[in-house]
Amino acid sequence: MGFAPASDDVYLRPTVRRALKVLVVGHFAVGKTTFVGTLSEIRPLRTEEVLTQAGALVDDLAGTRDKTTTTVALDFGRLTLNPSLVLYLFGTPGQQRFTRLWADMTRGALGAL
Ligand SMILES: Nc1nc2c(ncn2[C@@H]2O[C@H](COP(=O)(O)OP(=O)(O)O)[C@@H](O)[C@H]2O)c(=O)[nH]1
Ligand SMILES: [Mg+2]
């Protein structure tokens, strides 16, 4: 019988024995925030702020003209893979100016996607 995580489970299941941290990385607008939010079984933590003219030279909207916000800290979501294993998904902000934050976010991570 397959394992179906309950989408309305806010708290971690008591059977979970192992939690793995996985980063979701990539350039601005590749879909990191969407990805974490889509996979997460809990309401994802989002830190979206509206794009402004000040970032126009950095944030290339070619191909994603309907994108109106950008991540200014991180995305967070949770995905229970089976009764004993849970993934914590951390989406990074895409711009180069967040390099220091990326380094901090890697602490304790199993890997990155
Ligand atoms: N076609 C397509 N568009 C996507 C997909 N994922 C995200 N998008 C769109 O790409 C844009 C960037 O998404 P976002 O998740 O904010 O990117 P981030 O900057 O990497 O966090 C948005 O306009 C999304 O609607 C996908 O899988 N396919
Ligand atoms: Mg984002």
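Biologist: Are threonine 33 and threonine 71 buried or exposed?
Modeller: This is a predicted model, and the answer rests on relative accessible area. A residue under 20% counts as buried and one over 50% as exposed. By that test, both threonine 33 and threonine 71 are buried.

Biologist: Which protein atoms are the donors of the magnesium ion (ligand 2)?
Modeller: An N, O or S atom within 2.8 Å of the metal is taken as a donor here. Two protein atoms lying 2.0 to 2.1 Å from the magnesium ion are its donors: Thr33 (OG1) and Thr71 (OG1).

Biologist: How many residues apart are threonine 33 and threonine 71?
Modeller: Threonine 33 belongs to helix 1, while threonine 71 belongs to strand 3 (residues 69-71). The pair therefore links distant parts of the chain. The separation is 38 residues.

Biologist: Across which strands does helix 1 lie?
Modeller: Helix 1 covers residues 32-39 and runs at about 40° to strand 4.

Biologist: In what order do the four strands of the open sheet stand, and which are the edge strands?
Modeller: The pairing in this sheet is mixed, and the order is 4-5-1-6. The twist from one strand to the next averages 25°. An edge strand pairs on one side only, which holds for strand 4 (75-82) and strand 6 (109-112).

Biologist: How many bridges join strand 1 to strand 5?
Modeller: Strand 1 spans residues 18-24 and strand 5 spans residues 85-91, and the two run parallel. Arginine 18 has leucine 85 in strand 5 as its bridge partner. The number of bridges joining the two strands is seven.

Biologist: What kind of aromatic pair do phenylalanine 76 and phenylalanine 90 form?
Modeller: The search of the whole structure finds two aromatic pairs. In the pair of phenylalanine 76 and phenylalanine 90, the centres are 5.1 Å apart, with 65° between the planes. Planes over 60 degrees apart fall in one class, so this pair is edge-to-face.

Biologist: Why does this pair tie together separate parts of the sequence?
Modeller: Phenylalanine 76 lies in strand 4 and phenylalanine 90 in strand 5. The pair therefore ties together parts whose separation in sequence is 14 residues.

Biologist: The charged end of which residue sits over the ring of phenylalanine 90?
Modeller: Phenylalanine 90 is in one aromatic cluster with Phe76 and Tyr88. The charged end that sits over its ring is 4.7 Å from the ring centre and belongs to lysine 21.

Conventions: Residues numbered from 1 in each chain as written. Chains lettered and ligands numbered in written order. Predicted model: local features only at pLDDT ≥ 70, side-chain atom pairs only at ≥ 80, totals over all residues. Heavy atoms only, no water. Pairing = 2+ DSSP bridges. Axes fitted to C-alpha atoms, helices over the stretch in contact; angles between N-to-C directions. Contact = heavy atoms within 4.5 Å. Donors = N, O, S within 2.8 Å, 3.2 Å for Na, K, Ca; no water. Buried < 20%, exposed > 50% of the residue type's maximum accessible area, 1.4 Å probe, protein only. Phe/Tyr/Trp six-rings, centres within 6.5 Å; stacked < 30°, edge-to-face > 60°. Lys NZ or Arg CZ within 6 Å of the ring centre and 35° of its normal.
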